Amino acid sequence: MIRSRHNSSGAFGMALFALIALLPIGFSLGYAAAYSVGLAGLLSEGFTLEHWARLFSDGEVGRAFGLSLYVAAVTVALSVSLALALLLFLRRPLKEGPLSYVIYFPLAIPATVAAFLVFQLFSGAGYAARWLLHFGVIDDVAQMPNLVNDPYAFGIILAHVSLATPFFILLFAQLYETEKVEALAETARTLGASRRACLYRVAVPILLTRSFTNVILLFIFVFGSYEIPLLLGRQSPQMVSVLTMRKYAMFDLTQKPEAFIVAWLYTALVLALIGWAFRSGRAGGRV
Amino acid sequence: MNAAATPDLVKRLSRRSWVALLVLLAGCAGPKADEFDLAAAPWADIEAAARGQTVNLVMWTGDPYINAYVRGYVAPEVRDRYGVTLNVSSGQGNQLVSMLMTEQEAGKPVSEFDMMWINGETFYQLRQIDALFGPFTDHLPNARYIDFENPFIGIDFQQRVDGYEMPWGNVQFILIYDGARVSEPPRDREALAAWVKAHPGRFTFDTSFAGMTFLKTLLIDFAGGPEALAGPFDAARYEPVAAKLWAYVNAIKPYFWKSGETFPSGVAQLHRLFTSGEIDFTMSNNDGEVDNKVLQGLFPETTRAYVPDFGSIQNSHYMGIVKTAPHKAGALVVCNFLISPEAQLRKLDPQVWGDGTVLDVDRLPPEWQERFRHAPPRRFAPRRADIEGRALQELAPEYMIRLYEDFRTEVIEKR
């Protein structure tokens, strides 16, 4: 009886999950696929592969995915390294004193505001340029290097790193306690390990392994981000979300199916990444 | 999953959840559309039907003066006079088209929106997807003051408005500069190229409507004048002229702001670069905007505007009513108020908005003619009468589509 009740509530949970999570995603992917081949949409004229051919003919979509991968990878590498370094080298100030709460302020900042702050600081006539001009480092604001709307996506990466680093400090600090990293490092030291070996062969591997899923989730979040690259990115190449929205709301309505193709490719890639991350995370006991 | 549990679950779902689902779906149906024949109704009946309606207007809300005019003047007036509540929400051009297109694709019988502020490119798209109510302008009593035979009013992007949108304001494109920084602005395209080369990093344009309108003006100049590209889109005429335009732009691109590696995405960003001193020129589709921006304190008092010798596009902006709008009577009443001499005169004042009127002043009652002729003058931009002679008509919308697309491939992505 108890078992039957347990099973039926499990079935209800599964049905609810399918209804709320799987069905909309499945339907959206199906609709996007149908739209992309002319089987749906107000202006569609029947089945065609023309939109797929046109999208891949100029390489713009490839550059968009390339840029998004680059920004996501660099952001993850910088945020994780910075958070690890701050946690491991500033343990005491992060536990007590003003730094212990100031460091988390960026967590309260929305993405749009972070982008705006970066823009105010580093655009051609931003505060950085004015200060440099004031102190005579540059003679003209035009000499200020391109740090916003720039070819290396410096502005985009900076905004993302400033938002993600406090989150990882918080996460690593918690893992440091729950995984008893301090005690393990102490043990290693009593067994003769150097301070350096304790850091790189005990603390860092434990923290990275345990936070693996979160790192992947950050990667996906940055990969699909919209507001920050919209404000701080260039017109070409554009990150995937910005490209999708541009194609979706273009003057030329016949290009709308291309937006669905980009969205479809993005979703497929992210789902594959999530599937891989959770499977390998579970295999390694990291979820 | 326990097989026996599934029918039980379905049974329970059917007992409890279906009722809730039906209630939810019924709630989603939204308000019903006006149910009488607006085309045949006398104006008094339309005003009576409008009383008590809430009209949802979607418009660009990026200018505080325009917002103040609509929210602080139009909304209270239509509420007090006609009992219509005007609800303004933010959205423009392509977003609007996307929203209405999605509503149609989802088979939504009644729209969330009643009316919207549109220009030529949006009109073209909305007609393409048959999302506009009309023809309706003939029903508006104040439409008798509008000369629909004026090509800058009755024709929008080479497409006759045919009563499907109501002219609201008329503007002409201008180039804006700071007289304190630029003593003599370039008047033709050779002079412009020479100026840009002599002042690296001090000129650019946006990749949105204003910038593309500027390129369109240059395109017309390369084509040999306004008649060369008039009429429906013709790829055979466009391509050789466009090739000259891209060669011209690419030759001076290295001297643009940020070496032409990127461009501002909208005119607001362009204005910001101008006010922060990064560039020496900005531009606007509205010849009245300079006064408006100086009064707001955004542009310095030394700001000036001009129309180059090769002319500039003059066009009108309009109000459209959604085909599936739930409150068409209310929308018609608001439209009629917007083209009343009173509302149009107020809008003309640079301290209010500085937007050109669509009314033919000669058709107005004599007392209103006087008031229009003595409207507050502009201080920083040339008078309309002085630049009207160089006004160019909008080209067919496909030219704009191609310019957007080709500018990306021929200029932005060309390294």
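In this predicted model, helix H4 (residues 93-105) of chain B and helix H5 (residues 120-128) of chain B approach each other with their axes within 9 Å, crossing at roughly 15°. Angles under 35 degrees count as roughly parallel, and H4(B) and H5(B) are therefore roughly parallel to each other. The crossing in which H4(B) passes H5(B) is right-handed. On the H4(B) side the contact is made by Gly93(B), Leu96(B), Val97(B) and Leu100(B), and on the H5(B) side by Glu121(B), Thr122(B), Gln125(B) and Leu126(B). Sorted by class, the residues of this contact are four nonpolar, three polar and one charged.

Asp130(B) is located in the loop between H5 and H6 of chain B, and its phi is near 50°, a positive value in a residue other than glycine. Pro135(B) is placed in the loop between H5 and H6 of chain B as well. The peptide bond that joins Gly134(B) and Pro135(B) is cis, with omega about -5°. Chain A also provides a cis peptide bond, which joins Ser236(A) and Pro237(A) with an omega of about -5°. Pro237(A) belongs to the loop between helix H12 (227-232) and helix H13 (240-248) of chain A.

Chain B is divided into domain 1, which covers 43-170 + 315-380, and domain 2, which covers 174-314 + 391-412. The C-alpha centres of domain 1 and domain 2 of chain B are 28 Å apart. Across the boundary, 20 residues of domain 1 of chain B are in contact with 23 residues of domain 2 of chain B. On the side of domain 1 of chain B that touches domain 2 of chain B, helix H3 (64-82), H5 and helix H6 (151-154) of chain B each supply at least two residues. The largest share of that side, three residues, comes from H5(B). The residues on the domain 1 side of this boundary in chain B divide into nine nonpolar, seven polar and four charged.

Helix H3(B) has a further packing partner. H3(B) and helix H12 (residues 328-338) of chain B pack with their axes 11 Å apart, at an angle of about 115°. Here too the crossing is described by its hand: H3(B) passes H12(B) in a right-handed crossing. Val74(B), Glu77(B), Val78(B) and Tyr82(B) of H3(B) make the contact with Val333(B), Val334(B), Phe337(B) and Leu338(B) of H12(B). By class, the contact of H3(B) with H12(B) has seven nonpolar, no polar and one charged residues.

Another helix pair in chain B joins helix H8 (residues 209-223) and helix H16 (residues 397-412), which pack at an angle of about 105° with their axes 10 Å apart. That angle makes H8(B) roughly perpendicular to H16(B). From H8(B), Met212(B), Leu215(B) and Lys216(B) meet Tyr399(B), Met400(B), Leu403(B), Tyr404(B) and Phe407(B) in H16(B). The contact of H8(B) with H16(B) comprises, by class, seven nonpolar, no polar and one charged residues.

Chain B also contains strands that pair. Strands of a sheet pair through backbone hydrogen bonds, either parallel or antiparallel. In chain B, three strands form an open sheet in the order E8-E7-E9, with antiparallel pairing. Strand E8 (281-284) and strand E9 (303-306) of chain B stand at the edges, each with a single partner strand, so one side of each is left without a neighbour in the sheet. From one strand to the next, the twist averages 30°. Strand E7 (residues 174-178) of chain B pairs with E9(B) in the antiparallel sense over four bridges. Within this pairing, Leu175(B) has Tyr306(B) in E9(B) as its bridge partner.

The remaining topic is the interface between the two chains. Here 26 residues of chain A are in contact with 34 residues of chain B. Helix H1 (residues 2-36) of chain A provides the largest share of the side of chain A that touches chain B, seven residues. The residues on that side of chain A divide into 14 nonpolar, nine polar and three charged.

Definitions and conventions. Residues numbered from 1 in each chain as written. Chains lettered and ligands numbered in written order. Predicted model: local features only at pLDDT ≥ 70, side-chain atom pairs only at ≥ 80, totals over all residues. Pairing = 2+ DSSP bridges. Axes fitted to C-alpha atoms, helices over the stretch in contact; angles between N-to-C directions. Contact = placed C-beta atoms within 7 Å. Nonpolar A, V, L, I, M, F, W, Y, C, P; charged D, E, K, R; others polar. Parallel < 35°, antiparallel > 145°, perpendicular 65-115°, else oblique. Left-handed = near helix turned anticlockwise from the far one by under 90°. Domains from an automatic or database assignment.
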